[in-house]
Amino acid sequence: MTTLNKIQLHKPNVQAISTTEDEQFTFCENCEQNIERFFYYDEDCGWRDVHWFISGYNPNTGKVCA
Ligand SMILES: [Zn+2]
């Protein structure tokens, strides 16, 4: 894959979402991969959430305060 720097929009299947304390898991209706997202605290930005990303890949947590 040479598209690592592009933002890949996944379409989470909302009915399949399972939630833990600070993570959610489901699969993508577009690419049918397992995807997940999580929430974390950034000392500069406060609480952030990461866009859905394919499980096993490092999410892009580039610091861009919303
Ligand atoms: Zn996808």
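Student: Is histidine 51 buried or exposed, and how many other C-beta atoms lie within 10 Å?

Tutor: A residue counts as buried if 20 or more other C-beta atoms lie within 10 Å of its own, as exposed if 12 or fewer do, and as partly exposed in between, with the C-beta atoms placed from the backbone. Histidine 51 is exposed because 12 other C-beta atoms lie within 10 Å. Its place is in the loop between β4 and β5 (53-54), and its C-alpha atom is separated by 8.3 Å from that of glutamate 36, which is 15 residues apart from histidine 51 along the chain.

Student: What should I know about the model and its numbering before reading further?

Tutor: This is a predicted model, in which local features need pLDDT of at least 70 and side-chain atom pairs count only at pLDDT 80 or more, while totals for chains, interfaces and linings use all residues. Residues are numbered from 1 along each chain as its sequence is written.

Student: What does pLDDT say about the protein?

Tutor: The term pLDDT stands for the predictor's confidence in each residue, from 0 to 100. The protein averages 82, and 77% of the residues score at least 70.

Student: How many helices and strands does the secondary structure hold?

Tutor: Helices (H or I, at least four residues) and strands (E, at least two) are DSSP runs, numbered from the N terminus. Here there are zero helices and five strands, so that the order from the N terminus reads β-β-β-β-β.

Student: Which strands are joined by bridges to β2, and how many bridges are there in each case?

Tutor: Two strands pair if DSSP finds at least two bridges between them. Strand β1 (residues 18-19) is joined by two bridges to β2 (residues 23-27), and the two run antiparallel; serine 18 stands opposite phenylalanine 25 in β2. Five bridges join β2 to β3 (residues 34-42), again running antiparallel, and glutamine 24 stands opposite arginine 37 in β3.

Student: How many residues lie between the strands of each hairpin?

Tutor: The hairpin of β1 and β2 has three residues between its strands, whereas that of β2 and β3 has six. In the turn of the latter, glutamate 32 has a positive phi of about 60 degrees, although glutamate 32 is not a glycine. Glutamate 32 is exposed, because 9 other C-beta atoms lie within 10 Å.

Student: What share of the 66 residues is buried?

Tutor: Buried residues make up 6% of the 66 residues in the protein.
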